[in-house]
Amino acid sequence: FPVTISSPYYKAYFITIPTSGKTIKLISGQTEITFQPGQLNFRNAQNSIQMINNVQSVNGNVSSSNTLTYPNIYGGGFNLSYSYQQNKMKEVLFIKNRSILGNPQASIISGGNATLDMDFIMTFNASKITGYKFSKVL
């Protein structure tokens, strides 16, 4: 992991090319989570998927504002950023323009509860996970 961030609460490790395997590793105490961004999709209540794009082989870069960004990670106009602060890390998918998403297919819409999802491949030492909240916000 060529990029390392340390705070009193956690350590974060990043690979700069997100298609190179486990991209991010977070360690807090004895809890370790690794994850790699996956596909960007429309999904519905029946779990039907319409893929928008796969992760592209791009170079992540660190800015002076404590942020690592994978520019154009899902193609032009999609930037995935991780901002690291003392007690938390924030992930943001920036979509430059709504039009680059396209529209969900009729089958996605008719399936109800159409969402925009970013998949991740995750591994963690499950016996040690306590007090973590994972949520999906649109």
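The model is predicted, so to speak of local features pLDDT must be at least 70, and side-chain atom pairs count only at pLDDT 80 or more, while totals for chains, interfaces and linings use all residues. Residues are numbered from 1 along each chain as its sequence is written, and side-chain values use heavy atoms, with hydrogens and water left out.

**Aromatic rings**
- The structure holds six aromatic pairs, where rings of Phe, Tyr and Trp (its six-membered ring) pair if their centres lie within 6.5 Å; planes under 30 degrees apart are stacked, over 60 edge-to-face, and the rest tilted.
- Phe14 and Tyr82 make a tilted pair, because their ring centres are 5.9 Å apart and their planes stand at 50°.
- Phe14 is in strand β2 (residues 11–14) and Tyr82 in strand β8, so this pair ties together parts 68 residues apart in sequence; strands are DSSP runs of E, at least two residues, numbered from the N terminus.
- Phe14 is buried at 0% relative accessibility, and Tyr82 is buried at 2% (buried is under 20% relative accessible area, exposed over 50%, partly exposed in between; 1.4 Å probe, protein chains only).
- Tyr70 and Tyr82 pair edge-to-face, with 6.4 Å between centres and 85° between planes.
- One aromatic cluster takes in Phe14, Phe35, Tyr70, Tyr82, Tyr84 and Phe120.

**Charge over a ring**
- Lys25 has its charged end over the ring of Tyr13, 6.0 Å from the centre (NZ of Lys or CZ of Arg within 6 Å of the ring centre and within 35 degrees of the ring normal).

**Loop asparagines**
- Asn47, though not a glycine, has a positive phi of about 65°, and lies in the loop between β4 (31–43) and β5 (49–53).
- Asn72, also not a glycine, has a positive phi of about 55°; Asn72 is partly exposed at 36% relative accessibility.

Technical notes
Helix = DSSP H or I, 4+ residues; strand = E, 2+ residues; numbered from the N terminus.
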